[in-house]
Amino acid sequence: MAAFYGGGALYVNVYRASAKAKNLGRDDRVCCLVATPADGDGFDAALYRGHARELPVEEIFADNVPEGLAWARNPRSGGSQEQPDVPPEDSRKIGDTAGRIQRGKRTVFEISPDTVGMVRDVREA
């Protein structure tokens, strides 16, 4: 799973056959904790609670999408609006996220927030 924020929503890229995708398909309520690395100098985390919606392929690959969705459909894009290259089926390669989405192996959920808040660092000093 990979998550990307941009355009007022969180975009989660998951394998379609994963437990996460199946659970979101049954119940759209979701709660995510988005955090900096736990072993970093400072620790910040946001609690992101909302509802998920699986995006159709046509919407994922539309010409003008929010930055978070641009990252989710092609993590190497740097958030660019440029359409990702999708190699033919017989020349697939590792890291071909866009191709996996188009072939139905991966999917993207848009998580719209109901509640967002910061989590306090409770680690011992």
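Analyst: A definition to start: helices (H or I, at least four residues) and strands (E, at least two) are DSSP runs, numbered from the N terminus. Read in that way, the protein chain runs β-β-α-β-β-α-α-α-β along the sequence. This is a predicted model, where local features need pLDDT of at least 70, side-chain atom pairs count only at pLDDT 80 or more, and totals for chains, interfaces and linings use all residues. Residues are numbered from 1 along each chain as its sequence is written, and side-chain values use heavy atoms, with hydrogens and water left out.

User: How many helices and strands does the protein chain have?
Analyst: There are 4 helices and 5 strands.

User: What percentage of the residues is buried?
Analyst: Of the 125 residues in the protein chain, 34% are buried. Buried means under 20% relative accessible area, exposed over 50%, and partly exposed in between (1.4 Å probe, protein chains only).

User: Now the charged pairs. How many salt bridges are in the whole structure?
Analyst: The search finds 4. A salt bridge here is a side-chain nitrogen of Lys or Arg within 4 Å of a carboxyl oxygen of Asp or Glu.

User: Which residue does R16 pair with?
Analyst: R16 forms a salt bridge with E54, at 2.5 Å from N to O. This pair links distant parts of the chain, 38 residues apart: R16 lies in the loop between β2 (9–15) and α1 (19–26), and E54 in strand β4 (residues 45–54).

User: Are those two buried or exposed, or partly exposed?
Analyst: R16 is partly exposed at 36% relative accessibility, and E54 is also partly exposed, at 37%.

User: What about R29, which partner does that side chain meet?
Analyst: The side chain of R29 meets D27 in a salt bridge, 2.6 Å from N to O. R29 is exposed, at 59% relative accessibility, whereas D27 is partly exposed, at 30%.

User: How far apart are the closest N and O atoms of E59 and R53?
Analyst: They are 2.8 Å apart, and the two residues form a salt bridge. E59 is partly exposed, with a relative accessible area of 29%, and R53 is partly exposed at 37%.

User: Which residues are linked with R53 in a network?
Analyst: E59 and E110 are linked with R53 in a network of salt bridges.
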